[in-house]
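Please keep the coordinates open while reading.

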Amino acid sequence: MVTSDWGAIYRELGAKPVINATGSVTLLGGSTPVPEVKEAMDAADSAYIPLIELQKAAGKIVADALGVPAAYFTSGAGSALTLVTAAMMAGDDDEKIQQLPNTTGMKDEILIQKRQRYWYDRCLELAGAKLVEFGTDEGTTEQDLIDAIGPNTVAVHYYAHEQDPDDPNILSLETLIRIGHEKGIYVTVDAAGQIYPLENFGKYVRMGADFQCIAAKYMGAPHSTGFALGTEEMIHKISLQSFTGYETRRIRGVGRPQKMDRQEIVGVVAAVRRWLSMNHEDRLAQSEEMSNEMAAPLKGVPGVKVEMNQNIIGHQPFGVFVDVDPAVTGMTNQQVVDALREYDPPIWARVPDGASRITLHVFGLSEGQPALVGKAIRDVVTRKGR
Ligand SMILES: *Cc1c(COP(=O)(O)O)cnc(C)c1O
């Protein structure tokens, strides 16, 4: 709810708290660590621990739980993507590790299907690697991949987003793994949000990819955390890039600006354990209920079309699509979004890139807030809120 102490810690600093109806987005702070995670993080304060040992021990627990060879904690999925490129280019050669991001003398090209270019692929370039597109806007053939693999190719990258229907015009991950491994290149997967259904959690490495990342922001861990899953070889090479290398091995990998707290590592383990043992039926039922509460005040408002989002794949189930008719309300969807930011309290929602409707999610809402969001939209479009 929005009580008098809601967001007080921010107001005391002179910053204005907002209600997050957008969902899991970094610009609003992304995630709220769940109580199990906070307890584990607090307990971690009681002692210091050599981080390399903690990475190994905690990595083994997560890897075993997911049925993959090895795991490594990172400051977000984005960091895992950058570190794996450094790991693939420099391997276990300390000179090369310290030479990056200058890639002279290293295989430094990462293939990506033209139709699979996506926002976070930039993270693959930060250690010096170059993205090389193959295929066209229309599609990709196996021959396109075979032709694209050259002497400087180190890997082919795949973006897994099972919330969308399968794109029949791209090469599947199975095909990338088959051809990639035949040709001696690595296969990496961005599966940041692929944590539900549970069989998808870690699936891409189990299928044979050398690496996949997970964003722990999506499962109740601190927003700044994530992890890499992969082969023993790959996770070992990633560990050689670690921020701890500055002190332990006195080797300066690219990972130093991507530090993690020991509390965060412990917190991610708690988040994984919780995610694997929690009742997901209850989680889904709660999101559906909150989505219904958000939609209810909008039913029957002239010029407002409301549709439930039925997706349950990934980290952010259900939600509501809202589409206002400018001819009736005098407002576009974007104008509704803009007006909500001026509402008291401010509410953040969005018309996602490439979409036309307002997409609302309950991921960032607490009890009572869904109905408040629905009412605010009703107020805005019926001009009471302006
Ligand atoms: C959020 C996200 C990332 C970045 O993860 P961080 O943990 O924020 O660094 C990368 N890829 C995808 C698909 C994501 O959703």
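1. Start with a salt bridge. Lys-114 pairs with Asp-137, and their closest N and O atoms are 3.6 Å apart. Lys-114 sits in the loop between strand 3 (109-113) and strand 4 (130-134), and Asp-137 in the loop between strand 4 and helix 6 (142-148), so the bridge ties together parts 23 residues apart in sequence. Lys-114 is partly exposed, at 31% relative accessible area. Asp-137 is partly exposed as well, at 47%. Bear in mind that this is a predicted model.

2. Which residue forms a salt bridge with Glu-307? The partner is Arg-357, with 2.7 Å between the closest N and O atoms. Glu-307 belongs to strand 9 (residues 304-308), while Arg-357 is in the loop between strand 11 (347-348) and strand 12 (358-360); the pair therefore ties together parts that are 50 residues apart in sequence. On accessibility, Glu-307 is partly exposed at 41%. Arg-357 is partly exposed at 26%.

3. Next, Arg-249 and Asp-94. They form a salt bridge, and 3.0 Å separates the closest N and O atoms. Arg-249 lies in the loop between helix 9 (232-239) and helix 10 (262-277), and Asp-94 in helix 5 (residues 94-99), so parts 155 residues apart in sequence are tied together. Relative accessibility is 32% for Arg-249, which counts as partly exposed. Asp-94 has 29% and is also partly exposed.

4. How many salt bridges does the structure hold? The count is 14. Salt bridges also link Arg-117, Asp-121 and Glu-133 in a network. As background, side chains of opposite charge can pair when their charged atoms come close.

5. Where Tyr-218 is concerned, a side-chain N or O atom lies 2.6 Å from an oxygen atom of the ligand. Ala-77 contributes a polar backbone atom, 2.8 Å from a ligand oxygen. Gly-78 also uses its backbone: an N or O atom there is 2.8 Å from an oxygen atom of the ligand. How much of the ligand does the protein bury? Taken alone, the ligand exposes 380 Å², and the protein buries 87% of that.

6. The largest nonpolar core has 72 residues. Phe-227 and Ile-238 have the most contacts inside it. Helix 4 (residues 77-90) gives the most to this core, with ten residues. Another core lies apart from it and has 30 residues, including Val-320, Ala-339, Leu-340 and Ile-347.

7. Look at His-361. It is placed in the loop between strand 12 and helix 14 (369-381). Is His-361 buried or exposed? The relative accessible area of His-361 is 10%, so it counts as buried, the limit being under 20%. Its side chain makes a polar contact of 3.4 Å with the side chain of Gln-316.

8. Gly-368 is partly exposed, with a relative accessible area of 23%. Gly-368 and Met-294 are 74 residues apart in sequence, and their C-alpha atoms are 9.4 Å apart in space.

9. Last, Pro-33. Its place is the loop between strand 1 (19-20) and helix 2 (35-44). The relative accessible area of Pro-33 is 21%, so it counts as partly exposed. Buried would need a value under 20%.

Technical notes. Residues numbered from 1 in each chain as written. Predicted model: local features only at pLDDT ≥ 70, side-chain atom pairs only at ≥ 80, totals over all residues. Heavy atoms only, no water. Polar contact = N/O pair within 3.5 Å; in protein donor to acceptor, adjacent residues only side chain to side chain. Areas by Shrake-Rupley, 256 points an atom, 1.4 Å probe, with all protein chains shown as cover. Salt bridge = Lys/Arg side-chain N within 4 Å of Asp/Glu carboxyl O. Helix = DSSP H or I, 4+ residues; strand = E, 2+ residues; numbered from the N terminus. Buried < 20%, exposed > 50% of the residue type's maximum accessible area, 1.4 Å probe, protein only. Core = buried A, V, L, I, M, F, W, Y, C linked by side-chain atoms within 4.5 Å.
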